[in-house]
Amino acid sequence: MKNSPSSSQAAVKKILLTGATGYIGKRLLQKLLEEDCMVYCCVRDRQRFDTTPYESGRIEVIEADFLKPETLDSIPGDLDAAYYLIHSMTSSKDSFEELERESALNFRAALEKTSVEQVIYLSGIVNDEHLSTHLRSRKAVEEILSDSSFHLTTLRAGIIVGSGSASFEIIRDLVEKLPVMIAPKWLNTRTQPIAIRNVIQFLSGVLLKPFTYDQNYDIGGPKVMTYREMLKTFSRVRGLNRIIMTVPVLTPKLSSYWLYFITSTSYNLASSLVGSMMVDVVCKPNDLHEKLGIDLIPYSEAIELAFGKIEQQGVLSSWLDATSSNKLDKGVAQLIEVPGYGCFTDRRTASMRDARETLEKIWAIGGDTGWYYADWLWKLRGFLDKLVGGVGLRRGRRSSEIISAGDALDFWRVLHADKENGRLLLYAEMNLPGEAWLEFKIEKDTLIQTATFRPLGVAGRLYWYSVLPFHGFIFQGMLDKLVE
């Protein structure tokens, strides 16, 4: 028997938000707070989630890993609704289908111990005849969640377009980097792109609406398009002339490598996306947007809105926020204390001419700004990382002005960012025979720059000594530029 509607709708709504550190989760959190909800954010590592930008007392952060049932006891029992935004699409592990199934089963078991009335699940548009591995997994999760004591509302979306979304950044990379594209034949596949603003409106709009209980809805923009049309429209909006030629010889594996090397995506994500892009993902007709009073945003307008956010430094979240190498599986808490024993260290200091100016330079490092000295060597290191399946240097950074713990910054992850006290700590996510940290710390009128490397076996030691000759001018050159 499903949990019945309660009187909580008139009081403060208590909402559990999974995937709170992800692209959708961060934006939905802001919307829920604007609607005066009390939001319990489930994260695997609280130190990777900075809640200060939200400036709200209605956030409670809960450490919970839905692949570890023993961590779920902290979930409140008096919930009204929950959002299921968990997926393992970018997992470095081989079988994300099994991971998604296990996570859904553990979530269902944990939520059935609460008073939760409704669970809202964001899935993908499902074509019952031809399902990619990714979409088949999403459908299996929906079936697990629907067999429960709570009411399930499933929203099935296709390509999501917005500043920082994986789809938007991949299309942007392709259009802005390639005047001529020799592309796979799946560019003729049809899809129905939807603006991120509309996605958030749908997710918040169905909250505790009984008519949406035990229903599923396809959500998309107002127009069906091919991926070729999406690239062409993006080119036109950006004022670029691009030539696109499709060839039938690119297999799914070759297509995945094509996306991986040209764009900032990881190979796992590229492979999952290619599988989804090879079948039509078009919405089945419904009137949900009319019932919720949502005006669907055209694709070209969604692109313009995205660039408006980028230009205003208003990108709240990026698909990279929740995407990282498996090096972070042990948690930020295990990495934030930089080790000393068994490590190689390159520590350099310099007097600052202007501490405030140096601090601003540190906070702008990476991305479009670069690394201040020998950028071509940093780019070469990123390219070599890509060749061996690493994250590479193309990820950039979410904002050119703001850094928060948990952010991706080129091939680094931000572990600690304290601008007031002048300390920035980065952890390397590139492929290395060991672990690496890079720290910038201001003490009085001195900048202390420290690179720490903990080698793994003989290979790690050989690696350190092989790059040691470059440290003298790369790290010293960067330090000199920061303090000049």
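Colleague: Is K361 buried or exposed?

Modeller: K361 is buried, with a relative accessible area of 17%, where buried means under 20%, exposed means over 50% and partly exposed lies in between, using a 1.4 Å probe and protein chains only. Before going on, please note that this is a predicted model, in which local features need pLDDT of at least 70 and side-chain atom pairs count only at pLDDT 80 or more, while totals for chains, interfaces and linings use all residues. Residues are numbered from 1 along each chain as its sequence is written, and side-chain values use heavy atoms, with hydrogens and water left out.

Colleague: Okay, and where does K361 sit?

Modeller: K361 belongs to helix α11, which covers residues 355–363; helices (H or I, at least four residues) and strands (E, at least two) are DSSP runs numbered from the N terminus.

Colleague: What does the side chain of K361 reach?

Modeller: The side chain of K361 comes to 2.8 Å from the backbone oxygen of K481. That is a polar contact, meaning a pair of N or O atoms within 3.5 Å; within protein, one must be able to donate a hydrogen and the other to accept it, and residues adjacent in sequence count only if both atoms are side-chain atoms. Setting aside residues up to four places away in sequence, K361 touches Y372, K481, L482 and E484, where contact means heavy atoms within 4.5 Å.

Colleague: How do α11 and α13 pack?

Modeller: Helix α13 runs over residues 457–483, and α11 packs with α13 at an angle of about 130°, with the axes 8 Å apart. The axes are lines fitted to C-alpha atoms, for helices over the stretch in contact, and the angles run from 0 to 180 degrees between N-to-C directions. The two helices, α11 and α13, are therefore oblique to each other, since angles under 35 degrees count as roughly parallel, over 145 as roughly antiparallel, 65 to 115 as roughly perpendicular and the rest as oblique.

Colleague: Which residues meet there, in α11 and α13?

Modeller: From α11 there are T358, K361 and I362, and these meet K481, L482 and V483 of α13. By class, this contact of α11 with α13 has three nonpolar, one polar and two charged residues, with Ala, Val, Leu, Ile, Met, Phe, Trp, Tyr, Cys and Pro counted as nonpolar, Asp, Glu, Lys and Arg as charged, and the others, Gly among them, as polar.

Colleague: And which residues of α12 meet α13?

Modeller: In α12 they are L377, W378 and R381, and their partners in α13 are Y463, F473, I474 and M478. The residues of this contact of α12 with α13 divide into six nonpolar, no polar and one charged. The axes of α12 and α13 come within 11 Å and cross at roughly 145°.

Colleague: New topic: how many disulfides does a search of the whole structure find?

Modeller: The search finds zero disulfides, a disulfide being a pair of cysteine sulfur atoms within 2.5 Å. For C42, the nearest cysteine sulfur is that of C41, 8.1 Å away, and C42 is buried at a relative accessible area of 5%.

Colleague: What is the phi of D36?

Modeller: D36 has a positive phi, near 65°, in a residue other than glycine. Most residues other than glycine have a negative phi. D36 lies in the loop between α1 and β2 (38–43), and D36 is partly exposed, with a relative accessible area of 47%. D410 also has a positive phi, of about 55°, although D410 is not a glycine; D410 is in the loop between β15 and β16 (412–418) and is buried at 2%.

Colleague: How many residues of α1 are buried?

Modeller: Helix α1 (residues 23–34) is mostly covered, with nine of its twelve residues buried, among them Y23, I24 and G25.

Colleague: And how many helices and strands does the chain have?

Modeller: The secondary structure comes to 13 helices and 19 strands, and of the 484 residues of the chain, 56% count as buried.
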